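This briefing covers core packing and aromatic contacts. The sequence and structure come before the details.

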Amino acid sequence: MLNRRTLMTALILVAGLALSGNAQAAEAKPFDQAAFEAAKATGKPVLVEVTAPWCPTCKAQKPILTDLKAQPKFKDMAVFEVDFDSQKDALRALGVQMQSTLIAFKDNKEVGRSTGDTNKDSIAALLNKAI
């Protein structure tokens, strides 16, 4: 049976874990044109990730992006994920022709894009353009 001290220690540990690490990471939301436009209008940095579940390059980008988005300087970045297979209207609106495309926006303007990049330093440079 748990005593009060053990229970409180466990609760504090769980709360600490919930507040650390990736809890501050910018979480990707499914792309929605209205939400995307609203995020750009706020002047926040915005990242659009075009992915496909079958894409090996997208899979290679995912841990890199997760690590970068967890950095404090990117905590306010709005991140939208476009499904390459099902969101063709969004692809046309963004001028995207391939999966594994990353697009950075700052002050309501596109400031950079890359396709097929799995280099952490160059992806970080792209994200930095948005802040």
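Which residue lies over the face of Phe84? Lys88 does, at 4.3 Å from the ring centre; a charge sits over a ring if NZ of Lys or CZ of Arg is within 6 Å of the ring centre and within 35 degrees of the ring normal. The model is predicted: local features need pLDDT of at least 70, side-chain atom pairs count only at pLDDT 80 or more, and totals for chains, interfaces and linings use all residues. Residues are numbered from 1 along each chain as its sequence is written, and side-chain values use heavy atoms, with hydrogens and water left out.

**Aromatic pairs**
- Five aromatic pairs are found in a search of the whole structure (ring centres of Phe, Tyr or Trp, the latter by its six-membered ring, within 6.5 Å; planes under 30 degrees apart are stacked, over 60 edge-to-face, the rest tilted).
- Phe36 and Phe80 pair edge-to-face, 5.9 Å centre to centre with 90° between the planes.
- Phe36 belongs to helix 2 and Phe80 to strand 3, so this pair ties together parts 44 residues apart in sequence (helices, H or I of at least four residues, and strands, E of at least two, are DSSP runs numbered from the N terminus).
- Phe36 is buried at 2% relative accessibility (buried is under 20% relative accessible area, exposed over 50%, partly exposed in between; 1.4 Å probe, protein chains only).
- Phe80 is also buried, at 3%.
- Trp54 and Phe84 form another edge-to-face pair, with 6.4 Å between centres and 75° between planes.
- Trp54 is partly exposed at 46%, whereas Phe84 is buried at 13%.

**Cluster**
- Phe31, Phe36, Phe80 and Phe105 form one aromatic cluster.
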